[in-house]
Structures are given as structure tokens and as C-alpha cells.
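Hi,

Here is the structure I promised to pass on. Have a look at it first, and then read my notes below.

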Amino acid sequence: MDQNSHPIDSHGIEELDHQPPMPWDRQLAAIRRSPQLSAVEAARSAQHEADVMIDAQRSLPAPGPPTWDGLHTVINTLHRKNLLPDHLPHTRSASVMVTHLLSELALVICGHRGLRPDLEAATAEARIELDQVRFETECITWLIAGRLGVRAAAAGSLKGYLKHGELIPEFSRDRVLQTVDTIEDLFGGALAFGAAIREETPSLFEIDVHLAV
């Protein structure tokens, strides 16, 4: 079941609403492969080229894994904007931390964690089913991770839908796309966000080439 049941009046969304929506897996793939465009723009472009076959499982080539220097920059940015989660996982994987932060931001900006920040994103309805919350969060996290070139597998009902064709719950395409754009805009867009998570802080000491391992 492919739904677009909660249209939101906002930049570029109306154009999508006037056409029969393309299958969600194909639209997801097109958005993941177009980080140079906003999610809304990528969805609109895919809608206009609906006859182009897209591999729903294909990810962007990763330019390199996230770094902890980059993660510290992202965490500091979220802290300044009062968007940093209260609890962060204990992990040595920068990719796991990025994925966790994306999921938490998706929940907060959609309004699933109480009071929503005023970031002009599409908010969830007062009453929303848990399976819808999970599916939208999984879509947002997987989309942004792919657009950043971070290796992150589809999870939960999104994984079942993409890999096994399982039915998906009612959800809002508009809210998913707007939330992706809102999160990426916190860092200047997907390309700038991708560069930020891969920052390397130069060492204060020059390493002797003969001692480098």
C-alpha cells in the first residue's frame, strides 16, 4: 500500500500531488542518488522521468567513512541548535553514530518526541500509529544516509518493503521529504553535510614518514 494521505502545502510539494505518485521504492532510490538536489526536487525530477528504470537497492558510491572529527563538528552544531539527543550510544563506529543521530532528528523534527522545533517542517498529526512513526523514521534515516554516502542498511518495515515487497503502513510522503530537507539544511544541504561528517582535524605534530604505520 503506497500512501500519500497527508498532503502539506509547502515549497514544491504541490506539483507532486497533481500527478499519480510513482512507486515509493523507485522514488526513494532516485532521491538517494541525487544529493545535489533537495529531496523535494529529486522527487519531482523522478516523477517527471517515471519511465526511467531505477535500481531501488543501489546506493551512492561512498567517498569514505565518517570521521570522529567530523562527528564532533556535527554534534557541536546540533548542541548549538538545541537538537542534540539527551543520550548518545556508546559506539566506536562513526557510521553507527551518524545513523543514530539521523533517526533521533527524524523523530524530533516530525514531532514524535513531544514539542517540535520551529523549523518549518511538516509535523505529524496529533494521533499517529506507531507503525507509521517507525516507517517514516526508517525512510528518512535511510534516505539521508544514502545521500551522505554512509553505509546503512534499510531496517524494519522499510527493509521488508524493499527486499520482500511487504505491504507498508499508511504514511506521508510529504512529511518524509520535508524532514529530509530540513535535517540536511541544518548543515547547508546534503553535499555540505557529507563533507562535514568527513572532516579531519590536522595533527598539531608532524609525523615522521619513517615512523608512520
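What follows is a quick tour of what turned up.

First, a word on confidence. This is a predicted model, with a mean pLDDT of 80 over the chain and 72% of the residues at 70 or more. Helix α9 (residues 190-196) has the highest mean pLDDT of the elements, at 95, while helix α1 (residues 13-17) has the lowest, at 51. Two stretches need a careful eye. Over residues 50-59 the pLDDT is below 50, although the model gives this stretch 18 contacts beyond near neighbours in sequence. Residues 205-213 also stay under 50, and there the model has one contact beyond four places in sequence. Where pLDDT is low, the predicted coordinates should not be read in detail.

Now the core. The largest nonpolar core has 44 residues, and the members that touch the most others are W24, L78, I140, I144, L158, I183 and F193. At least two residues come from each of α2 (24-32), α3 (39-48), α4 (68-80), α5 (94-109), α6, α7 (156-164) and α8 (173-185).

Leaving out residues up to four places away in sequence, L158 touches L28, F135, E138, C139 and W142. It is one of the buried residues of α7, along with G160, Y161 and L162, and this buried set packs against α2 and α6. Just past the end of α7, G165 has a positive phi of about 70 degrees.

E138 sits in helix α6 (residues 130-148). What E138 does have is a polar contact of 3.1 Å between its side chain and that of S157. Beyond four places in sequence, its contacts are A155, G156, S157 and L158.

So where are the salt bridges? The whole structure has two. In one, R175 pairs with E136, with the closest N and O atoms 2.8 Å apart. R175 is in helix α8 and E136 in helix α6, so this pair links distant parts of the chain, 39 residues apart. Both of these residues are buried. In the other, E184 pairs with R147, and the closest N and O atoms are 2.7 Å apart. Because E184 lies in helix α8 and R147 in helix α6, this pair ties together parts that are 37 residues apart in sequence. E184 and R147 are buried too.

Most residues other than glycine have a negative phi. N82 is not a glycine, yet its phi is positive, at about 55 degrees. Where is N82 found? It is in the loop between α4 and α5, and its relative accessibility of 71% makes it count as exposed.

If you open the model, I would go to E138 and S157 for the polar contact, and then to the R175 and E136 pair.

Cheers

Technical notes: Residues numbered from 1 in each chain as written. Heavy atoms only, no water. Helix = DSSP H or I, 4+ residues; strand = E, 2+ residues; numbered from the N terminus. Polar contact = N/O pair within 3.5 Å; in protein donor to acceptor, adjacent residues only side chain to side chain. Contact = heavy atoms within 4.5 Å. Core = buried A, V, L, I, M, F, W, Y, C linked by side-chain atoms within 4.5 Å. Buried < 20%, exposed > 50% of the residue type's maximum accessible area, 1.4 Å probe, protein only. Salt bridge = Lys/Arg side-chain N within 4 Å of Asp/Glu carboxyl O. pLDDT = per-residue confidence, 0-100.
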